[in-house]
Amino acid sequence: MNAITFVDALALLGYLGALILILATPGRARSVGSGLKYPLAAAIGLLVFVSLSNVLEHAGVSVALDAYEDYAEVLFVPLVAYILFSRTTVEQLAAAKSAREATRREHALLMNVVDTAPSGVMVADEDGRVWFANSEARSFVSAPTAGVSMMATEGLRPAVVRAVTTAPVRMARMRVDIDGEERWFSLSATPLAADGASSRQAVVAFQDISAQVASDHELEQYREDLEKQVDRRTGELLALNRQLQTANETGQRLLANISHELRTPLNSILGFTEIMLRETPGQLNDEQRRQLNFVQTSGRQLLGMVDSVLEVARGDAGRGAVAGAPIDLRESLAQVIAPLEVIAAERNITLSCSCPETVMLVTDADKLGQVVRNLATNAIKFTEPGGSVDVELEIGADEAVVRVADDGIGIDPGDQERIFEAFEQVVSEGRLRPSGVGLGLAICKELCDVLGYGLEVQSAPGEGSTFTVRIPYDVETADSASREDLA
Ligand code: ADP
């Protein structure tokens, strides 16, 4: 076999293989393309025929195939042209189809987005004709009838027309009457490119904000009401304040009057007592002198108390200057208690003073005396006849402790704090009605604060009370006071 025959045989085998492959490949396979399988097989078949003819010719086998070889070659060219043309067309058709599908998908997605938007969206023109409306907008659009396009409903139409003619525009709040009902909308319009349309068009997006406007209105109403209420209450408070100011001024005047009314007769009593003690009207016996001394001491104490009560009522108790002078504490207590013995005796109450030791102190004797007097007076007042009141003095290393103890009616623990407040009294069933005004302990507290002394109470109902005044002292000052006093 020469070289040409070998090449022809190889070509024949190749073409045969290709033919088998094409015929075995399913018609829908992409590599071949539907509809091209058989034209291609026919073209290859022609090549097989030509190769076979060549092989036989070169092999010297005389078969009358040569005569048909030219036909085969003539047929081959249009077949190949057909295949090439078809292949291009098939590809173009496939590309066009997939582009159409992609556009359809995008359109569906877009429609879905526009349709599910919470706002109404429509494409409208300046005559109120609607070319597109999403589902939210459809209830504001009349259905198209024969020959008449969709229109924005009567209520909304003027707003739509206005939005389209003034687009681009944004209207935050627009009143619209729909079926005689007042509704509020927010609208915005974006002009659409003319694109040969006969009238101006725009995309109009709108939202029914009636509920929001109603709640804004309600809030506004509420705010106005609140302002009116605040104004009214402020007016009332101002009026009350004026009344209180007037009452306060009246109270001040009353206090000044009381002060005058109480002081004048007291000063007369003290003045005449003084004259009698000087024996200007005549000589006194010892008992008369003793009694008149009581009158004088009590009168002075009363004057001091009137001043204190007035000070507390005016709100400046204890603000007076603190006088400091050395005193013998035991002696000072005895002087305070002596005038109270008469009152205690009248009530059949034993008043005693347990003061085994004493100390010299620099203090304001009047203020301290007023504290002890108030406590002892209360003790006598709130103890049943037959009871006892004891004023004790205990001298410690750096403090002197004065206790006023009684076995009277006692004080409920719940009341023990508030009795030190001004005008606070314990009023309860089966309890002695207090005869005072509830200022005694408030004055004591105020005076102790001014003097730097502690004041506390221990008491139990039915078991009596003990009021304790703690007087801290500087040992050196007390000693020197003691020396000065002795000198
Ligand atoms: P007043 O004696 O004028 O009522 P106070 O301020 O002195 O006012 O006393 C306030 C209240 O404390 C009294 O009304 C009384 O109920 C109670 N109180 C004060 N001292 C005693 C006491 N020793 N025993 C029982 N209750 C007392």
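Visitor: Is Ser210 buried or exposed?

Guide: This is a predicted model, and in it Ser210 counts as buried because its relative accessibility is 18%, where the cut-off for buried is under 20%. The residue belongs to helix α6.

Visitor: What does the side chain of Ser210 reach?

Guide: It reaches the backbone nitrogen of Trp184 at 3.0 Å. The side chain of Ser210 also makes a polar contact with the side chain of Asp208, at 2.6 Å.

Visitor: And which residues does Ser210 touch, apart from those up to four places away in sequence?

Guide: Those are Arg183 and Trp184.

Visitor: Let us turn to the ligand. How many residues surround it?

Guide: There are 21 residues around the ligand, and the closest are Asn378, Lys381, Gln425, Gly438 and Leu441. By type, the shell divides into 10 nonpolar, seven polar and four charged residues.

Visitor: Which atoms of Asp406 and Leu441 lie by the ligand, and at what distances?

Guide: For Asp406, a polar side-chain atom lies 3.0 Å from a nitrogen atom of the ligand. For Leu441, a backbone N or O atom lies 2.9 Å from an oxygen atom of the ligand.

Visitor: What about Ser465?

Guide: An N or O atom in the side chain of Ser465 is 3.5 Å from a nitrogen atom of the ligand.

Visitor: How much of the ligand does the protein cover?

Guide: The protein covers 98% of the accessible area that the ligand has on its own, which is 520 Å².

Visitor: Which elements give two or more residues to that shell?

Guide: They are α10 (365–381), α11 (440–451) and β14 (464–472). The largest share, three residues, comes from α10.

Visitor: On to the cysteines. How many disulfides are there?

Guide: The count is zero.

Visitor: Are Cys444 and Cys448 buried or exposed?

Guide: Cys444 is buried, with a relative accessible area of 0%. Cys448 also counts as buried, at 1% relative accessibility.

Visitor: Now the backbone. Which peptide bond is cis, the one into Pro168 or the one out of it?

Guide: The cis bond runs from Ala167 to Pro168, with omega near 0 degrees. Most peptide bonds are trans. Pro168 sits in the loop between α5 (157–166) and β5 (169–178).

Visitor: What is phi for Asp179 and for Glu279?

Guide: Asp179 has phi near 50 degrees, a positive value in a residue other than glycine. Glu279 likewise has a positive phi, near 60 degrees. Most residues other than glycine have a negative phi.

Visitor: Where do Asp179 and Glu279 lie?

Guide: Asp179 is in the loop between β5 and β6 (181–191). Glu279 is in the loop between α6 (210–277) and α7 (286–314).

Visitor: Are they buried or exposed?

Guide: Asp179 counts as exposed because its relative accessibility is 79%. Glu279 is partly exposed, with a relative accessible area of 27%.

Visitor: One more loop residue: where is Asn134, and what does its side chain reach?

Guide: Asn134 is in the loop between β2 (130–133) and α4 (135–138). Its side chain reaches the backbone oxygen of Val114 at 2.8 Å. Asn134 counts as buried because its relative accessibility is 0%.

Visitor: Which residues is Asn134 in contact with, leaving aside neighbours within four places in sequence?

Guide: Asn134 is in contact with Val114, Asp115, Ala117, Ser119, Gly120 and Val121.

Visitor: Finally, the whole protein. How many helices and strands are there, and what share of the residues is buried?

Guide: The secondary structure comes to 12 helices and 14 strands. Of the 487 residues, 33% are buried. The protein exposes about 29600 Å², and carbon and sulfur atoms supply 57% of that area.

Terms used. Residues are numbered from 1 along each chain as its sequence is written. This is a predicted model: local features need pLDDT of at least 70, side-chain atom pairs count only at pLDDT 80 or more; totals for chains, interfaces and linings use all residues. Side-chain values use heavy atoms; hydrogens and water are left out. A residue is near a molecule or strand if one of its heavy atoms lies within 4 Å of it. A polar contact is a pair of N or O atoms within 3.5 Å; within protein, one must be able to donate a hydrogen and the other to accept it, and residues adjacent in sequence count only if both atoms are side-chain atoms. Accessible areas come from the Shrake-Rupley method with a 1.4 Å probe; for residues, only the protein chains shown count as cover. Helices (H or I, at least four residues) and strands (E, at least two) are DSSP runs, numbered from the N terminus. Ala, Val, Leu, Ile, Met, Phe, Trp, Tyr, Cys and Pro count as nonpolar, Asp, Glu, Lys and Arg as charged, and the others, Gly among them, as polar. Buried means under 20% relative accessible area, exposed over 50%, partly exposed in between (1.4 Å probe, protein chains only). Contact means heavy atoms within 4.5 Å. A disulfide is a pair of cysteine sulfur atoms within 2.5 Å.
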